[in-house]
Amino acid sequence: AKQGSTSSIELQQSYGSTSTSISSDLSLSHKPRVMKLDLITLPQFNVTYIARCLTVSERLTIMTCIHPRFREFIFQPQCFPDMSFFPVSDESMHSPKILSSNGHCGITYVEINIFSKHQFISRVALLAGMWNFKADLWNRIDWPHTVNIESLQLTLDYTSTVEAVHLDGPPRLALNLDATAASDDNEEQRDHDQAISEQKQEDQDHDHDEVEKEEQDQDEVDEIADALKDLAVDDLPVTPGNEDNELKLELTSSSSEDSETSESESEGDGILECISPTTRKPIDLKCRLRNLFFIRFDSSGHQPTIHFPKTLWGLGLQSFSSSLFSQMWWTQQVQIEQRLENLRFLVLSCCEFQDNELQILLNSTKSVEHLSLRYVKWEGTLYFPKSLLSLGYFPDREFEGFYDFKYCDRIWQISTRFNENESESKKFLNACSRLLCINRVKFEFVRREQYAERDIDFHDLRKWEDQCSNKETFTVAISEEDLAHYEIIKEIFPISKEQFLTLDQVKFEDCPLWSDESKDFIHMTNKRKLLLR
């Protein structure tokens, strides 16, 4: 793959005198990839890397046409690390249903009947590992035994009546629950979760950019839906000259009991050989939940008991308050049982803590390396942990936070935004300017006059002269428009032009200090942006 100025992909097929060329637009970035694939050497390539250069619809269409090996690969979960699945128990639903798509760089949301015999569901959806659903469904659906849940966005709202959610074990049907109630709630759950998934993909301050993308996103949804529909009806195409090597994939269920048994056994054999898109290791089907983003949409006092697993590397909590953090079971799990001791990424959004509840949480996550406080409120002075490498602070309106960096000597990157509370953002940057360990400052968003009453006044920001003069590796990430509009930022950070990077040029993996667990988690969330904020 080479970086070039064109935006097309050429796939050349050569079988004797037969030659075919397929082109497809790949607007992945401002410097699109150009790939020239020769089928003589193609099988030697790592198809996982090739798949990353293709959109979901292109994976389902182009890859099925060019090589037998690729026709098998589209039925492997590692081919779709950017698909998130909504489970339903609807016997009449056979094919996957596309709910929404964020285009080339986002997540495609797919609704599936988890008991369907559709090959894409049994071999990909149930094993790919990324899911979105209401907390009630964890124990109200009779889940298949062969299901992999590694990354989960879980929602809790006013319709939730569950008393406990056992995330520390595989999802299963609780016999003391009314299964009929779960069936009655399916339609409401689908509508509600669809609204949630669309609402939470991008920050509300970027709404003015979303309008321009809607038509492109809808085209992507239509393309994916057509491709999945074709997989449900037609046999996979045969590549000329390779009929003998064609994979015979059955796309319809057999009426024979013996056929069903053999099919189940063969699927089981294939599952053991599947590579998880999360860990890049063989799937063990033990439901090792690594990434949990828990969203609450209910202001009532009802708070179910959440049994957190010890396997979490990333945890996100949104819109929770002291009604959770003051619970005895929370204290028991977090402080005494140390269930979050393996946590590396902690994202808190729109949460409110009382007394020292937030400090207790940080003291109980001694290995956390990335902390994001997005519109979070707390009381007293917060002492950031020594293990911290990355810190994002996005202060809420009219909130004045107190914090101390006295234990921090390894923070490599910080991130903030100038919109809701510019005075707090300034105070945060000025406090961080005294930390010589920082190598990167990221401006996630800077308000400009065209979107507000006035510009941001940066004149009272301290200059970062010590970091900028002593480190050639020091960088500032900011959009090109914001940097051009606020020339004073170049005075605050006296660095070369090359050290100012766009937001697309920086990645979490740039930090050289991540632990092995954090590196695996960053790889896992490459297409799952819920916690990399």
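I began with Arg447 and Glu422, whose side chains meet in a salt bridge at 2.8 Å, N to O (a salt bridge being a side-chain nitrogen of Lys or Arg within 4 Å of a carboxyl oxygen of Asp or Glu). This pair links distant parts of the chain, 25 residues apart, with Arg447 in the loop between strand E21 (440–446) and helix H14 (465–470) and Glu422 in helix H13 (residues 422–432); helices (H or I, at least four residues) and strands (E, at least two) are DSSP runs, numbered from the N terminus. I noted that both Arg447 and Glu422 are buried, where buried means under 20% relative accessible area, exposed over 50%, and partly exposed in between (1.4 Å probe, protein chains only).

I kept in mind that this is a predicted model, in which local features need pLDDT of at least 70 and side-chain atom pairs count only at pLDDT 80 or more, while totals for chains, interfaces and linings use all residues. Residues are numbered from 1 along each chain as its sequence is written, and side-chain values use heavy atoms, with hydrogens and water left out.

Next I looked up Arg440 and Asp510, which form a salt bridge at 3.0 Å, N to O. Arg440 lies in strand E21, and Asp510, 70 residues apart from it, in the loop between strand E23 (500–501) and helix H17 (516–524). Arg440 counts as buried because its relative accessibility is 7%, whereas Asp510, at 32%, counts as partly exposed.

Last I turned to strand E8 (residues 108–113), where 6 of the 6 residues are buried, so the strand is largely enclosed by the rest of the structure. Thr108, Val110 and Ile112 point one way from E8, and Tyr109, Glu111 and Asn113 the other way.
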